[in-house]
Amino acid sequence: MTYDLVVIGSGPGGYVCAIRAAQLGLKTAVVEKDPTYGGTCLNVGCIPSKALLHASHMFEEAGHGLAPLGVIVDPPKLDLAAMMRHKNETVGANVNGVAFLFKKNKVVAYRGVGRLAGAGKVEVTGADGASQTIETKNIVIATGSAVAPLRDASGAEIQIDEKVVVSSTGALSLEKVPQRLIVIGAGVIGLELGSVWRRLGAQVTAIEYLDRVLPGFDFEVASRFQKLLEKQGFAFKLSSKVTGVAREGEGEGVVVSYSSVDGATSDKVTADVVLVATGRTPYTQALGLEEAGVALERGRVIIDDHFATNIPGVYAIGDVVRGPMLAHKAEDEGVAVAEILAGQAGHVNYNVIPSVVYTMPEVASVGVTEEDAKAKGLNVAIGKFPFSANGRARSMRETDGFVKFIADAATDRVVGVHILGAGAGELIAEAAVLMEFSGSSEDLARTCHAHPTMSEAMKEAALAVAKRAIHI
């Protein structure tokens, strides 16, 4: 049998690509090396972390947020095992859902490690070592990413045992709440998982190489966010680099050595658990890419505007190619390449890819930041509106944060929106739709929003671009 398409990897990009291709009539197969579908996102990333973020937020609300509303409860007790069951059940429902969708759409799944084995061929090696070769007209590389290694001052890789020194995977399955948690990296993953364990009782310190948290997000939003996290109990060591991680002894914790980036000062801190959250790296090893002649740059697959590599019939999407390492970006690329292979005009608008940090409050962003605009020499107008002036936010006691609109000063076209606040991840979708249709701040400002809702802050921030916000 010769397939029209074989997708290597069943993460968000891979499984969506396969399903869309099957919908379009292409005979499609997927190769997956892990026991379950869904990749990092569904198994040890987006989905389980959101389950724990929600559960830990509920725990903190029960302990600190209900009394002001007149709801009096005894101090809550943590059943960590039950919380982990909730996480595992959530993961199970999602990965089983992917298996159902494959069956529904007649996508054939092969279990094992896939690698390119010549023109139009994919070799699949199962867990038992047996291999088989699949013939196909097209191949999509959708193998995602892995935890980026962290090295100490000597250049040696810091070993992750997923018990004491953990990656995001181990941080999702700790057997008890650490008294002291050190997070190496103050990006999205580190702050989300740090938030989970801080809410459950851990003392959390984040060590970050840069002089700010959330690199890549709007600086004003990130700065305000850092202050809110500090108010919640986070401690930050910014402009600092980790020089060593040493285990003191059985059950005695871990010593993390760090210095200022300029090397002027150094210090040590002891923790029960250390979370390495310094980013991710494309998973392109052992795929036969080099042997096939597929061009790579710093571990990423080089593609053209139609997701094609330099080798005919081989395409790539998601974390293995340029652009943000986000599940929804990979999904859109999966749909686009499937449509291209079916003779349609698949396309991804990379200017409208939202990003969300699922802490409390949330941070959400789409488009250019104020710093981006200045660096590009764009003449922009900015409108802001605080949730403290929003009636619904006041009623829910969720007044932290604000909405920030960035519009072209000449045309009023919205080029960026940034939100810090409760439900920011849902509110950002309105901005994405507006920007996808090249909308202006005036367009959104003249759109009637239900009252009272958090979304009214979006309207008011849009009004503020022209300095005509009503409620502030």
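Guide: One convention before we start: Lys and Arg count as positive and Asp and Glu as negative, while His and the chain ends are not counted. A charge is placed at NZ of Lys, CZ of Arg, CG of Asp or CD of Glu.

Visitor: Okay, how many positive and negative side chains does the chain have?
Guide: The chain has 45 positive and 53 negative side chains, and the centres of the two sets lie 2 Å apart.

Visitor: And where does the model come from?
Guide: This is a predicted model, in which local features need pLDDT of at least 70, side-chain atom pairs count only at pLDDT 80 or more, and totals for chains, interfaces and linings use all residues. Residues are numbered from 1 along each chain as its sequence is written, and side-chain values use heavy atoms, with hydrogens and water left out.

Visitor: Thanks. How many helices and strands are there in the chain?
Guide: The chain has 14 helices and 26 strands. Those are DSSP runs numbered from the N terminus: helices are H or I with at least four residues, strands are E with at least two.

Visitor: What is the radius of gyration?
Guide: It is 24 Å, close to the 23 Å that the globule rule gives for 472 residues, so the chain is as compact as a globular protein of that length. The radius is taken over C-alpha atoms, and the rule is 2.2 Å times the number of residues to the power 0.38. Along its principal axes, the C-alpha trace spans about 65 × 60 × 50 Å.

Visitor: What share of the residues counts as buried?
Guide: Of the 472 residues, 50% are buried. Buried means under 20% relative accessible area, exposed means over 50%, and partly exposed is in between (1.4 Å probe, protein chains only).

Visitor: Which strands pair with S17?
Guide: Strand S10 (residues 165-166) runs parallel to S17, joined by two bridges, and Val166 has Leu275 as its bridge partner. Strand S11 (residues 180-184) also pairs with S17 in the parallel sense, over four bridges, with Leu181 opposite Val273. Pairing here requires that DSSP finds at least two bridges between two strands.

Visitor: Switching to helices, what do the buried residues of H3 pack against?
Guide: They pack against helix H2 (39-44), helix H4 (80-104) and helix H6 (188-199). H3 covers residues 46-65, and its buried residues include Leu52, Leu53, His57 and Phe59.

Visitor: Now the backbone. Which peptide bonds are cis?
Guide: The bond from Met360 to Pro361 is cis, with omega near 5°, and so is the bond from His451 to Pro452, with omega near -5°. Pro361 lies in the loop between strand S22 (355-357) and strand S23 (362-367), while Pro452 lies in the loop between helix H13 (441-445) and helix H14 (456-465).

Visitor: What is phi of Ser239?
Guide: Phi of Ser239 is near 50°, a positive value in a residue other than glycine. Most residues other than glycine have a negative phi, and most peptide bonds are trans. Ser239 sits in the loop between strand S13 (235-237) and strand S14 (240-247).

Visitor: And Arg397, is that buried or exposed?
Guide: Arg397 is exposed, with a relative accessible area of 52%. Arg397 has a positive phi too, of about 60°.

Definitions and conventions:
Contact = heavy atoms within 4.5 Å.
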